[in-house]
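Have a look at the model first, then read on.

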Amino acid sequence: MIKIEHLSKSYGNLTVLKDISTEIHKGEVVAIIGPSGTGKSTFLRCLNLLDRPTGGAIHVDGQDILNKHTNVPKIRQKMNMVFQSFNLFSHLTVLENLILAPIKLRGVSEQAAKARSMDLLRLVGLGEKADFFPQELSGGQKQRVAIARCLAMDPEVILFDEPTSALDPTMVSEVLSVIRRLAKDGMTMAIVTHEMDFARDVANRVFYMDQGLIYEEGTPAQIFDNPQKERTRVFINRVRTCRYDINSPDFDIYAMNAQIEQFCDKHNLTAKTCSNLLLVSEEILQMYKPLLHDCKLTVVVGYAEKTGQVELLFESATRIGNVLEVGGEEDDLALIIVRNYAEEIDYQVVDGTERLRLVVKKT
């Protein structure tokens, strides 16, 4: 349905999207998640040409929509968009909002447009609100009207830009229920959302966007239960972190320990858990110490709000190897201590960076 190749978007010197290539298939629901400011909404706006891409290609049903001869309004009828701020015409009734575009743009008769629009209002549960004005509706009702107005143009694709972000939490579920129904009916959709449970439930595929890229993509099970990349894992598990950079063997361990203690206090971790963190970090840093003449090391303490896990991460751009796999008698004792206080130990090299990760026991 949609093929994107090497898409980029810049505003002056600010690069928002970087070399994005992907596809969205007919009948597929793609949830787009990630931190604020990573280009999610810009990505959608580029697909609908509300923002003109700086580079790359977008094909919709095989048609290059960036070609100067392309009929862009016609493409927008095929690929419609629902915004977070509703964008209803306040001087028109709900029904008049729905019939305006089919009559003006598609040449549908007023009678046919009204009949179709009433069916759509019933679909979203608002048949009785046809003669109301937008200011007489709640936020959730306005967004459902916006969805019905979008459907009135019989689009093949709907783009949702954070459709629940402007709503009171009590109104979110009514909008998500409508989108779930559209997904069940086979509508092709791309949805920027911060509702993680909804994304897991409704999507066929999930794009995790970060730093202007589709940083990782996969099924909901892959992204939410077994993310392969560190930034994805941190985002999904809502990991809070503190970092300490070590540039020489003579680093200030007291300053680092004070930073870890402050972090533990901020996140209400027990004194025993904090003690475990300090003990494990000191033992592992003793193993790294002979190597710190030639490399720099970053120590990251993380607390995952979603799972409650507490972890230590040691990162180095220099190839050192797994310090837990080398050593003599002195290191053997350190290994016993580390393994006694760590529930999980993992070593890997990702994008040229070595990472030794330990999940520390909480008590």
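A residue counts as buried at under 20% relative accessible area, exposed at over 50%, and partly exposed in between (1.4 Å probe, protein chains only). Helices (H or I, at least four residues) and strands (E, at least two) are DSSP runs, numbered from the N terminus. This is a predicted model, where local features need pLDDT of at least 70, side-chain atom pairs count only at pLDDT 80 or more, and totals for chains, interfaces and linings use all residues. Residues are numbered from 1 along each chain as its sequence is written, and side-chain values use heavy atoms, with hydrogens and water left out.

Start with helix 5: twelve of its 13 residues are buried. Among them are Gly139, Gln141, Arg144 and Leu151. The cover over its buried residues includes strand 6, helix 3, helix 4, strand 7 and helix 6.

Six strands make an open, mixed sheet in the order 6-7-8-3-9-10, where two strands pair if DSSP finds at least two bridges between them. Strand 6 and strand 10 sit at the edges, each pairing on one side only. Strand 6 runs parallel to strand 7, with four bridges; Met81 has Leu159 of strand 7 as its bridge partner.

Angles run from 0 to 180 degrees between N-to-C directions, with axes as lines fitted to C-alpha atoms, for helices over the stretch in contact.

| Helix | Strands touched | Angle |
|---|---|---|
| Helix 5 (residues 139-151) | strand 6, strand 7 | about 170 degrees with strand 6 |
| Helix 6 (residues 169-184) | strand 3, strand 7, strand 8 | about 145 degrees with strand 8 |

Conventions: Contact means heavy atoms within 4.5 Å.
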